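My entries follow in the order I made them.

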Amino acid sequence: MKGLYSIGIYIASFVVKIAAVFNSKLKQGVIGRKQTFTKLENTIQPTDKSFWFHCASLGEYEQGLPVFEALKAKHPDYKVVLSFFSPSGYEVRKNAKIADVVVYLPLDTTANAKRFLDLVHPDYILFVKYEIWPNFLHEIKKRDLNAILISAVFRKDHAFFKWYGNYAKSALFGFKHIFTQDENSKLLLERIDYNSVSVSGDTRFDRVSNQLKIDNSVSFIERFKNDQLCVVFGSTWPDDDKLYMDFINSNKHTDVKYVIAPHNIKASYVASLKSQLKVNTICYSELNENDNLADYKVFILDTIGYLSKVYSYADMAYVGGGAGSTGLHNILEPAVFGMPILIGKNYDKFPEAKTLIDLGGVTSLASATAFDSTLTALITDNTLRKQQGQITKSYIASNTGAVLQIMNYFNS
């Protein structure tokens, strides 16, 4: 099985290199992986103590960051190697302050694993959520390194629990401990005799809770909102636009402002988005100091780095990704500020969405008509808005503590 897996990795590597000629994102990964070992050689010395933090992409980085920060604070003299598999994580966080060096994870071959671990010689290894690379983990186990997996989620249809998944299953034993988000994941692991497992919950709750401890003021949004009700549309895609566009263009709620933060901030898409809006609209990229932002109905946030703070100005939020097939974005970011949240119809793989729908703080919408009636009710009914907001806020507060539990493992 190991041989078949390794052959598959080499074939995949060849295919990706060919495809990279035609795909800029794949090309970034191919080029980046060529630089990994040189970067490590130039940064990590044989005498250094080090942590290795690995994430698939940006979402997993944000999930793991509270633990990364806590470990770094406990051991400030350790160097940190941060690796990503995806360009969408690496490109955004290649200058992350938590790390001494940020690299792409080399392809999962035994030779790459040996060379990587020789160079990094990590004292602690943290993988986040789904990142299970068998050749790396078998080498980690062989060296008896202290590796843990945090915020893990497992489902019965994963290969680890199938008759054909023995090699993947054995890789799990490269972790000294696994912290899962839920009890079901723990039970699945115990059924394959992996017993060094704890249910800690999701570190994202700790991550978003930390947002309340910082200054969330954004001057241009404050001027734009001008003390009126505000709806923030976060990380939206074209399928999400179809749900809300007619509602905004109807302009039937003259005392409500709208902030749209599209996932795709390419100029061509933003221009297309703006052209569909029939009300007074301004983009972040168009700002100048003389603008009277209070005169505008819609603010398009065509930049990155502000959304988590902008949610603090929202009275209601729509979180994108669920109207189509791209995947629902993080509903916990607005929830921490205590507001009703609207999402699209596709949320089955997001347990926090399911729970908050059951509790009544999140509403799933399948059509523009449903969007219109639901948001109208929230805008016009102050009591309903506050009730749903309290549900989302309480849900966050009741689920924090994962970081403390994980850190207790390191302190024991």
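**Strand E1**

I checked both faces of E1 and found each covered: Ser50, Trp52 and His54 on one side, and Phe51, Phe53 and Cys55 on the other, are all buried (under 20% relative accessible area, with exposed over 50% and partly exposed in between; 1.4 Å probe, protein chains only). Strands (E, at least two residues) and helices (H or I, at least four) are DSSP runs, numbered from the N terminus. Six of the six residues of E1 (residues 50-55) are buried, so the strand is largely enclosed by the rest of the structure.

The model is predicted: local features need pLDDT of at least 70, side-chain atom pairs count only at pLDDT 80 or more, and totals for chains, interfaces and linings use all residues. Residues are numbered from 1 along each chain as its sequence is written, and side-chain values use heavy atoms, with hydrogens and water left out.

**Pairing**

I then looked up the partners of E1; two strands pair if DSSP finds at least two bridges between them. E1 runs parallel to E2 (residues 79-84), joined by six bridges, and Trp52 stands opposite Val81 there. With E4 (residues 124-128), E1 pairs in the parallel sense over four bridges; Phe53 has Leu126 as its bridge partner in E4.

**Gln63**

I found Gln63 in helix H3 (residues 58-74). Gln63 counts as buried because its relative accessibility is 2%. Leaving aside residues up to four places away in sequence, its contacts include Val128, Ser151 and Asp202 (heavy atoms within 4.5 Å).

**Tyr194**

I placed Tyr194 in the loop between helix H8 (183-191) and strand E7 (197-199). Tyr194 also has 2% relative accessibility and so counts as buried.
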